[in-house]
Amino acid sequence: MTERAAPEVLISQQEIAERVEALAQVIAPRIDDDTVAVCLLTGGLWFAADLTRALWRAGRNVRFDALWLASYHDERKSSGRCEVRADLQRPLVGRRALVVDDVLDTGLSLSEAARLVKDAGASEVMTAVFARKPWPTPRPIDPDFVAWEAPARYLVGYGLDDEGMSRGLPYIGAMD
């Protein structure tokens with residue numbers, strides 16, 4: 001196994017927690033307890049878990065579902081198309097939905113997820129990402145809620161991976 005250099009820490013575990021709590025305070029008044037938080041797997045799992053707990057502390061007991069889309073396939077670059085690997089399990093008809101993902105790069109996965117959730121009958125679809133990276137061209141979607149404006153670097157940790165590795169780091173670091 002090749003040893004990799006440790007990433008440069010860009011945002012600490014404590015700062016992540018503070019940003020998630022602050023974001024939950026902004027989101028809570030816009031949703032109700034019938035809202036379904038839809039986690040985009042796999043990277044969004046860490047943020048979705050923390051955000052749903054923070055929403056509970058903010059007085060919202062949301063429902064939870066997941067949607068598994070793949071566009072990176074353990075590569076550093078998006079394939080340019082989304083593949084649905086696991087669909088929604090919870091009925092969304094007439095409910096608000098909050099699609100939760102780790103990072104906004106191209107916007108492909110988030111826009112596809114929002115479309116799928118709307119097509120499943122959600123009355124309103126909102127989106128939240130932990131990190132939004134700058135992008136050179138217009139994206140198909142702009143998230144409703146963003147916890148952190150990230151730099152244009154290759155990020156790992158807190159759900160973000162490097163070819164399948166480093167998701168479990170408790171901070172976000174840069175690998176470039």
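**View 1. Phe130 and Trp148, two buried residues of the predicted model.** In this predicted model, Phe130 and Trp148 are both buried. The ring centres of Phe130 and Trp148 lie 6.3 Å apart with the planes at 45 degrees, so this pair counts as tilted.

**View 2. The aromatic pair of Phe47 and Phe130.** The structure holds three aromatic pairs, and one of them joins Phe47 to Phe130 in an edge-to-face arrangement, with 5.6 Å from centre to centre and 70 degrees between the planes. Because Phe47 lies in helix H2 and Phe130 in strand E6 (residues 124-132), the pair ties together parts that are 83 residues apart in sequence. Phe47 is buried, as is Phe130, and ring pairs link Phe47, Phe130, Trp148 and Tyr158 into a cluster.

**View 3. The second largest pocket and its lining.** This pocket has a volume of about 150 Å³, and of the 13 residues that line it, Gln13, Ile16, Ala17, Asp50 and Tyr158 are the closest to its centre. Helix H1 (13-27) and helix H2 (45-57) each supply at least two of the lining residues, and the lining as a whole divides into eight nonpolar residues, one polar and four charged.

**View 4. Helix H3 and the residue Gly121.** The twelve residues of helix H3 (residues 108-119) should span 16 Å at 1.5 Å a residue, which agrees with the 16 Å between its end C-alpha atoms. The buried residues of H3 are Ser109, Leu110, Ser111, Ala113, Ala114, Leu116 and Val117, and just after H3, Gly121 takes a positive phi of about 105 degrees.

Technical notes:
Residues are numbered from 1 along each chain as its sequence is written. This is a predicted model: local features need pLDDT of at least 70, side-chain atom pairs count only at pLDDT 80 or more; totals for chains, interfaces and linings use all residues. Side-chain values use heavy atoms; hydrogens and water are left out. On a 1 Å grid over the protein atoms alone, a cavity is a set of points where a 1.4 Å probe fits but cannot get out, and a pocket is an open set with protein on both sides within 12 Å along at least five of seven lines; lining residues have an atom within 4 Å of a point. Grid points are joined across faces, edges and corners, and a volume is the space filled by probe spheres set on the points. Helices (H or I, at least four residues) and strands (E, at least two) are DSSP runs, numbered from the N terminus. Ala, Val, Leu, Ile, Met, Phe, Trp, Tyr, Cys and Pro count as nonpolar, Asp, Glu, Lys and Arg as charged, and the others, Gly among them, as polar. The expected span of a helix is 1.5 Å times one less than its number of residues. Buried means under 20% relative accessible area, exposed over 50%, partly exposed in between (1.4 Å probe, protein chains only). Rings of Phe, Tyr and Trp (its six-membered ring) pair if their centres lie within 6.5 Å; planes under 30 degrees apart count as stacked, over 60 as edge-to-face and the rest as tilted.
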